[in-house]
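Reader: I would like to learn how to read a helix and its aromatic rings in a model. Please take me through it.

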Amino acid sequence: WHWLADSFASYYRLMIVHLGILGWQYIFTPQGLDALTMQWMRLYCPQRLMLDLQNVRPAVHPPPPPSSSSQPPQPPQAR
């Protein structure tokens, strides 16, 4: 289960701004949008799709943690 909103009213507002396109909910899950839903959103609500991808993608796919060493890795030495 993935909780998309705190209340039905909030969920309904999200559905309206996504125009009820089939599968819009997956933008807020780790699975992400499938190709067909992405195509429909690009056609009918491209601004919302861009906003969702900018705000949700980093939370779904966080950047890797920094390495434990403070020094950047050194390239191997030639023999």
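Reader: Which residues of α2 are buried?

Author: First, the ground rules. This is a predicted model, in which local features need pLDDT of at least 70 and side-chain atom pairs count only at pLDDT 80 or more, while totals for chains, interfaces and linings use all residues. Residues are numbered from 1 along each chain as its sequence is written, and side-chain values use heavy atoms, with hydrogens and water left out. Buried means under 20% relative accessible area, exposed over 50%, and partly exposed in between (1.4 Å probe, protein chains only). In α2 the buried residues are T37, M38 and M41.

Reader: Why do the buried residues of α2 line one face of the helix?

Author: The general idea is that an α-helix has 3.6 residues a turn, so residues three or four places apart point the same way. Looking down the axis of α2, the buried residues fall within an arc of 100 degrees, so they line one face. The arc is that of the directions from the helix axis to the C-beta atoms. A35, L36, Q39, R42 and L43 are exposed on the other side of α2.

Reader: How many aromatic pairs does the whole structure have?

Author: Rings of Phe, Tyr and Trp (its six-membered ring) pair if their centres lie within 6.5 Å; planes under 30 degrees apart count as stacked, over 60 as edge-to-face and the rest as tilted. A search of the whole structure finds 4 such pairs. One of them is F8 with Y12, a tilted pair with 5.8 Å between centres and 35 degrees between the planes. Both residues lie in helix α1 (residues 8–17), 4 residues apart, about one turn of the helix. F8 is exposed at 64% relative accessibility, and Y12 is partly exposed at 42%. W40 and Y44 form a stacked pair, 5.7 Å centre to centre with 10 degrees between the planes. They sit 4 residues apart in α2, about one turn of the helix. W40 is partly exposed at 40%, whereas Y44 is exposed at 52%. Elsewhere, ring pairs join Y11, W24 and F28 into a cluster.

Reader: Where is confidence highest and where is it lowest?

Author: Confidence is given as pLDDT, the predictor's confidence in each residue, from 0 to 100. Helices (H or I, at least four residues) are DSSP runs, numbered from the N terminus. Confidence is highest in helix α2 (residues 35–44), at a mean of 92, and lowest in helix α3 (residues 46–60), at 75. Over residues 57–61 the pLDDT is below 50. The protein averages 79, and 71% of the residues score at least 70.

Definitions and conventions
Helix = DSSP H or I, 4+ residues; strand = E, 2+ residues; numbered from the N terminus. Contact = heavy atoms within 4.5 Å.
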